[in-house]
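Here's my note on the model you sent over. Have a look at the picture first, then go through the points with it open beside you.

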Amino acid sequence: MSAQVDEVAPDVYRISTYVPDGPPGGICFNQFLIADDEPVLVHTGMRMHAAETIQAVSTVLAPERIRWITSNHASRPDEFGALDAWFAVAPHAQVFHGTVGCFVNLPDISDR
C-alpha cells in the first residue's frame, strides 16, 4: 500500500491511498494538500496510513511546513485519525474547523 500524489490544480494535490480490503472493490482514502506560504492539509488520513501520507506529502514539500490542518467534518477517523502523527512532524501546525469539530470531536482525537 502506498499513497499516490496527483496535482489536481496549480499547487493543489490529492493524496490517495487505496486499500483493497473492506467493501467490494476496496476503498480509497483521499487527503488534499494546498502548497502555499502556509500549507494546508485537508484530512490527515487514517492513523494506520500516517507514514505513507507523510511520505507522499514530502514529495511536494517538507511535511514540517504544514501550518493548517482541516477537514470537511471531524467525525471520521480518515479525517483526523493521524492528527497526532502530523503534530509530531509539523509542531507548528494548528487545526482550524467549525465549532462542533473543535469542541466535540477534536478533544477526543488529540490531546493538543
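This is a predicted model: local features need pLDDT of at least 70, side-chain atom pairs count only at pLDDT 80 or more; totals for chains, interfaces and linings use all residues.

1. Let's begin with the overall layout. Reading from the N terminus, the order goes β-β-β-β-α-β-α-α-β-α.

2. Next, what is tucked away and what is on show? The chain has 112 residues, and 39% of them count as buried.

3. A word on contacts across the sequence. Take the contacts between residues at least 6 apart in sequence: 53% of these link residues at least 24 apart.

4. Now find Ser16, which sits in strand 2, the stretch covering residues 12–19. Is Ser16 buried or exposed? Its relative accessible area is 10%, and the cut-off for buried is under 20%, so Ser16 counts as buried.

5. Who are the partners of Ser16? Its side chain makes a polar contact of 3.2 Å with the side chain of Arg14. Another polar contact, of 2.4 Å, links the side chains of Ser16 and Asn30.

6. Finally, leave out residues up to four places away in sequence, and Ser16 touches Ser2, Ala3, Gln4, Cys28, Phe29 and Asn30. Asn30 is on that list and is also the partner in the 2.4 Å polar contact.

Key
Residues are numbered from 1 along each chain as its sequence is written. Side-chain values use heavy atoms; hydrogens and water are left out. Helices (H or I, at least four residues) and strands (E, at least two) are DSSP runs, numbered from the N terminus. Buried means under 20% relative accessible area, exposed over 50%, partly exposed in between (1.4 Å probe, protein chains only). A polar contact is a pair of N or O atoms within 3.5 Å; within protein, one must be able to donate a hydrogen and the other to accept it, and residues adjacent in sequence count only if both atoms are side-chain atoms. Contact means heavy atoms within 4.5 Å.
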